[in-house]
Amino acid sequence: MDMKYKFTALVIALMAMPLLCVAQRYNFKIYSVNQGLPHAQVHDVYQTSDGYIWIATNGGGLSRFDGKNFNTYTSRDGLPSDVVNKLFEDSKGNLWIAGNPGGVVTFEGDSLVNPFRDDSLSKYEVWQIKEFSPGELWFGTYQGGIFIRKDSTFQRLNIGDGLISNDIWDFAKGPDGLVWVATEKGLSVLQNGKPVEQYTTDDGLSGNRVYKIEQGPEGTLWFATNNGITKWDGSRFQTITSINEIPLEYVFDIKRDSKGSMWVATEKKGVFIFQNGKFSHLTKNNGLSSNYIYSLYEDTQENMWIATDENGVSLYRGQAFAFYDQSAGLISNAVLSIEAGEDGTIWMGTEKGIDALNGNEVTHYSLPGEYDEDYVWEIAILPNGNPIFLMPDNSVMELVNGEFRNFSASNGLGDWFIYDIYVDSAERLWIGTDEGLYILDNGQLEKYTMEDGLAGNVIQAIYEDPGQPGTMLIGTTYGLSIFDGESFQNFRITDGLNHEVINYITKDDNGNIWLATGGGVSVMKPAQEGFEIDNFSRDTGMELINSHFIWFDKEGFLWQGTNAGLNRLNVPKYWETGEMTLQHYSLSKQGPGVEFNFRAIAVDDRQNTWFGSMDGALKLDVSKLRTQYPETPPAIQITNIRRNSKPIQWANYKTEPTYRFGQPEFPSISFPYGEHTYSFSFIGLYYRHPQNVEYRYKLKGFEKDWMPFTSDNTATYTNLKPGDYTFMVQARDETGRTYTEVASYSFTVAYPFWQTYWFWSLIALSVFGLFYGAIKIRDSFYEKRRLEELVDEQTRYLQEALEEKEVLIKEIHHRVKNNLAVISGLLELQMGNADDEFVNRVLSESQRRVQSISMIHEKLYQNERLAEIDFVKYVQELIDIISYSFGYEDKEINVHVDIDEFKLGVDQGIPCGLILNELVSNAYEHAFKDRRKGNIEIIIREHATQEITITVRDDGRGLPEGFNLRESDSLGLTLVKTLSKQLEATLEMKDRPKGTEFTLSFSKKEAPLKIPVKE
């Protein structure tokens, strides 16, 4: 070693500084505002029996979480306010939500309601809810004491009943059945619902504010107070106010997990875990989102949810994965290379030099010499136990007793660009460069290139076959070489590899060669001639296919490092079924995953595996990974059903879904037949690594076998035939286990009407009817033909007779009309010879009556139908005759006619004409005496009820005083009354302020005789 390096090494040895390893960062998943949580302050976390996680926030409302998405309820949805304190599901499946201001709400259908709005509980803020026996709910309130709901009534306990305080934080039953109540001023103990004991700091509590009560190991009770922890062993209190010399101060929650460990949530010191008789500590340095912890909750899959008071929720996913970064004492988070020493030291090459982790100490080594950058890309352990490091200038340095020595110079290594360094079982040093492969053996260098048969000159990976010592597998940028010491056997894309860049090599216990390539992973299975090669890439589920390293754990799973986290390939399943699946571990708070570095992998003497990444060194304890997967399956829920890409309108099918925790439970219905698309959405509620949940499904009635497992959570079916169907779906988590829990939905696609039983019954009946009808028709055909001839002959006779009768009837009407005209003429001649005015008036009235009857007969023989007349034309002509007959030269009498179009039979037409004649004539004759002007109005209406109304009114002088229609013996009115009775009509008379009004109402009757007239 030259003097320059000796001096530098001495200085570095003196400056190498051991640092305490403060904390490793565990595998937490943070859910806060950036991930969709509506508020960063969280009061409570609760999992309902359907598997969903509910998160109560201090100002953002209540969120329902499925592992991927948050669905938030606020005051707009029925919450009293957006501050939610506590959540609890009772034995009847009701979710109780306590907020501020007071009272509680729960779901009724899809709405949030307060069922106790009229009770005094609504006046108080609720801090705790529990159920000690089915149907008996306890509500702990601020300033209101305890409310106990049982049998639809409330019982209340407060300081007046002996409680130490009305501010209730918690209550719990002890092993002896006594109820312990945690308050702002100490503890109260209840027996049979009555306080029997009180405890404060004077009795041994560590603090008077008691926030939580939890049953601990060996029948103890643990109390969270404003001054640490107090334990009760049944006879006395024991306090814990500090752990590892760290004052606890405010402890808001204590939780005993399913494994018996006690979790302690502090106000600003993070979380302490009591396990196996000692405490461990989790803080923000270990990955918590905040040290201000408000509450703890363990879900059914044994995940611990840690609610914080400033940065959302931290989901603790166990200690299988632990990161060591700058917070743990490393000089840099970018760990570019890593190797395990024989003494258990973990050597890490970073972008700022070298770190050595030994137990709880990290020692940093600055690089010897001056470099543009301090990157250390490769580390290997020599047979003497000393580590060697690849320096930024591609020289190799050996660390001997804390001093760096120039290994390259002392062994004649050239100025190569080095990718990999490997020490084989024969203590030879293999060096992969951009110029070929070098072997250092007892100070002698050998070189191999493509000219010697090597697959490529750029060497990325070197590996010794553990089953055949001395046989080396060389990964290049142009394929794989297997070197037996004499010759090379090469494999490239043309031989079946998915990529020619080989980044890492390993073998399994069955002698199969596994390659980490630029295109994913390849396996070379020995065959009778050469190898059989399978490749795994994006079709297996890899997001990024450039593999940086691979490693087998003891269970036979293959771990793959990428630029976006780790993948765990299920090789045992591949050997069993031929299908390769994987689970992805992003291990990052955001993005697709942590970036791992090439060949940065090592296994220590405790069988922990270390990976180098840009986020620090990751330690994987596979044994803890196995224990953190409980047997509880992911809950599976069908979340939506769509038809033709649209939500189903259940009301259209005369049914409504039921609801559970505000979410619909879809009813089974019958959908109409047609070419329709049915889509089912579902979710597996698995929170540790929700991206690793896979589903299989089938539609019973359409397919027999399950579809292959997939990460897609939507299934679509088209053009289903009529019949009964049941959609079934299962989920499995990242362990690859298949669970028997099945979510299902049954429905029916209706048959088209032409495939229904009633349709075919109708067809059968119709066919039978056709045959029967054909026979009957055939039998009756000849008889009908004979009858038709007889009918035709008889019809001719009848038609001739009918025509004769029609002519006869018309002739009768015509002659009656002519005879009446003769009578009218005689009356008119008689008037010309009469000198008496009264006689003339009587003759004129008689003439008009005869004319009104004559007009009826005239209209009948002129009409197409001989039994009825057009009443409109008849009335207009009748009025014209009446007006002409009076013909006053010295008076101006105006007649207004308003009549609906309709027809009347002879039996009603003649009486109506006579009545009109009498009423209008009466108005002409009497209404306008001593007046020169007047108006007569005639209104005739046909109503929808077939009722006819005839109104005749004038604006003359009116009726004489004392006139009575019934007592009148006037010939005209007598005739009107007689004809009204004939019509079965009602006759009304009104004496108006100006004039008189007669109204006649009767029911229209159809003409009894309807004879069509042949044109």
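## Salt bridges

A salt bridge is a side-chain nitrogen of Lys or Arg within 4 Å of a carboxyl oxygen of Asp or Glu. The structure is a predicted model, in which local features need pLDDT of at least 70, side-chain atom pairs count only at pLDDT 80 or more, and totals for chains, interfaces and linings use all residues. Residues are numbered from 1 along each chain as its sequence is written, and side-chain values use heavy atoms, with hydrogens and water left out.

By the salt-bridge rule the count is 24. One of these joins Glu378 to Arg599, with 3.1 Å between the closest N and O atoms. This pair links distant parts of the chain, 221 residues apart: Glu378 is in the loop between β37 and β38, and Arg599 is in strand β58 (residues 596–603). Helices (H or I, at least four residues) and strands (E, at least two) are DSSP runs, numbered from the N terminus. Glu378 counts as buried because its relative accessibility is 5%, and Arg599 counts as buried at 14%. Buried means under 20% relative accessible area, exposed means over 50%, and partly exposed lies in between (1.4 Å probe, protein chains only).

## Two further pairs and a network

Lys507 forms a salt bridge with Asp465, and their closest N and O atoms are 2.7 Å apart. Lys507 belongs to strand β50 (residues 502–507) and Asp465 to the loop between β46 (459–464) and β47 (472–476), so the pair ties together parts that are 42 residues apart in sequence. Both Lys507 and Asp465 are buried.

Arg568 and Glu555 also form a salt bridge, with the closest N and O atoms 3.7 Å apart. Arg568 lies in strand β56 (residues 565–569) and Glu555 in the loop between β54 (549–552) and β55 (558–562), so this pair ties together parts that are 13 residues apart in sequence. Arg568 is buried, with a relative accessible area of 6%, whereas Glu555 is partly exposed, with 32%. Elsewhere, Lys212, Glu214 and Asp253 are linked in a network of salt bridges.

Glu703 lies in the loop between β67 (694–700) and β68 (714–718). Glu703 is buried but has no salt bridge, and the nearest side chain of opposite charge, Lys698, is 8.3 Å away. For charges, Lys and Arg count as positive and Asp and Glu as negative, while His and the chain ends are not counted. What does the side chain of Glu703 contact? It makes a polar contact with the side chain of Tyr717, at 2.6 Å. A polar atom of the Glu703 side chain also lies 2.8 Å from the backbone nitrogen of Leu699. A polar contact is a pair of N or O atoms within 3.5 Å; within protein, one must be able to donate a hydrogen and the other to accept it, and residues adjacent in sequence count only if both atoms are side-chain atoms.

Asp167 is in the loop between β15 (153–157) and β16 (168–173). Asp167 is also buried and has no salt bridge; Lys185, the nearest side chain of opposite charge, is 6.4 Å away. The backbone nitrogen of Gln143 is 2.7 Å from a polar atom of the Asp167 side chain.

## Surface patches

Patches are made of residues with over 30% relative accessible area and no salt bridge, where like charges are joined within 9 Å and nonpolar side chains (Val, Leu, Ile, Met, Phe, Trp, Tyr) within 5 Å. The place of a charge is taken as NZ of Lys, CZ of Arg, CG of Asp or CD of Glu. Glu370, Asp372, Glu373 and Asp374 form a negative surface patch. Glu370 is in the loop between β37 (361–365) and β38 (379–381) and counts as exposed at 80% relative accessibility.

A nonpolar surface patch is made up of Tyr673, Phe753, Trp754, Trp758, Leu762, Leu765, Phe768 and Tyr772, which together have about 950 Å² of accessible area. Accessible areas come from the Shrake-Rupley method with a 1.4 Å probe, and for residues only the protein chains shown count as cover. Trp758 is in helix α5 (residues 757–833) and is exposed, with 53% relative accessibility.

## Residues brought together

Ala715 lies in strand β68 and is buried, with a relative accessible area of 1%. The C-alpha atoms of Ala715 and Ser679 are 5.6 Å apart, while the two residues are separated by 36 residues along the chain.

Asn411 is in helix α2 (residues 407–411) and is partly exposed at 21% relative accessibility. Between the C-alpha atoms of Asn411 and Gln444 there are 8.2 Å, and these residues are 33 residues apart along the chain.
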